[in-house]
Amino acid sequence: MAQRQVLLTLPEVSELTRLSKPTIYNYIRDEKHDFPKQVRLGPNRVVWVKSEIDRWLKSRRDARHEEPQAA
């Protein structure tokens, strides 16, 4: 049986990540942030796949352990 994909709206992504809406779109445009791309469902409707947002958040948490510690 296929796993059901949970889809998030922009306000839900903003709430989950604690990023503002403009920051989310800036992160999408700037590839260094590797933020998940939205999925277009229609001319005026986009969503994000929750598992992709969760993976992005985990990668950010993991990255803080790789950064050099300030003296």
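# A tour from helix H3

Select lysine 50 and aspartate 54: these residues are 4 apart in helix H3, so about one helical turn separates them. Helices in this tour are DSSP runs of H or I with at least four residues, strands are runs of E with at least two, and both are numbered from the N terminus. The model is predicted, so local features need pLDDT of at least 70 and side-chain atom pairs count only at pLDDT 80 or more, while totals for chains, interfaces and linings use all residues. Residues are numbered from 1 along each chain as its sequence is written, and side-chain values use heavy atoms, with hydrogens and water left out.

**Stop 1**

How many salt bridges does the structure hold? There are 2, a salt bridge being a side-chain nitrogen of Lys or Arg within 4 Å of a carboxyl oxygen of Asp or Glu. Stay with lysine 50 and aspartate 54, which form one of them; their closest N and O atoms are 2.9 Å apart. Lysine 50 has 28% relative accessibility and so counts as partly exposed. The terms are these: buried means under 20% relative accessible area, exposed means over 50%, and partly exposed is in between, with a 1.4 Å probe and protein chains only. Aspartate 54 is partly exposed too, with a relative accessible area of 31%.

Now move along H3 and select lysine 58 and aspartate 62. Their side chains meet in a salt bridge, with 2.7 Å from N to O. Both residues lie in helix H3, 4 residues apart, which is about one turn of the helix. Lysine 58 has a relative accessible area of 42% and is partly exposed; aspartate 62, at 33%, is partly exposed as well.

**Stop 2: H1 against H3**

Show helix H1 (residues 10-17) together with helix H3 (residues 50-66). Two packed helices are described by the angle between their axes and the distance between the axes. Here the angle is about 25 degrees and the axes are 11 Å apart. The axes are lines fitted to C-alpha atoms, for helices over the stretch in contact, and angles run from 0 to 180 degrees between N-to-C directions. Are H1 and H3 roughly parallel or roughly antiparallel? H1 and H3 are roughly parallel to each other; angles under 35 degrees count as roughly parallel, over 145 as roughly antiparallel, 65 to 115 as roughly perpendicular and the rest as oblique.

Next, look at how the two helices cross. H1 passes H3 in a right-handed crossing. A crossing is right-handed if the near helix is turned clockwise from the far one by less than a right angle, and left-handed if anticlockwise.

**Stop 3: two loop residues with positive phi**

Most residues other than glycine have a negative phi, and most peptide bonds are trans. Select arginine 18, in the loop between H1 and H2. Its phi is near 65 degrees, a positive value in a residue other than glycine. Arginine 18 has a relative accessible area of 68% and is exposed.

Then select aspartate 34, in the loop between H2 and strand S2 (39-42). Aspartate 34 is not a glycine, yet has a positive phi of about 55 degrees. At 62% relative accessibility, aspartate 34 counts as exposed.

Serine 59 is partly exposed, with a relative accessible area of 35%.

**Stop 4: lysine 21**

Lysine 21 belongs to helix H2 (residues 21-29), and its relative accessible area of 41% makes it partly exposed. Select proline 11 as well: 10 residues separate lysine 21 and proline 11 along the chain, and their C-alpha atoms are 7.6 Å apart.

Arginine 45 counts as partly exposed, at 44% relative accessibility.

**Stop 5: a nonpolar patch**

Finish with the surface display and select Leu7, Val39 and Leu41. Together they form a nonpolar patch with about 250 Å² of accessible area. Patches are made of residues with over 30% relative accessible area and no salt bridge; like charges are joined within 9 Å, and nonpolar side chains (Val, Leu, Ile, Met, Phe, Trp, Tyr) within 5 Å. Accessible areas come from the Shrake-Rupley method with a 1.4 Å probe, and for residues only the protein chains shown count as cover. Leucine 7 lies in strand S1 (residues 7-8) and, at 41% relative accessibility, counts as partly exposed.
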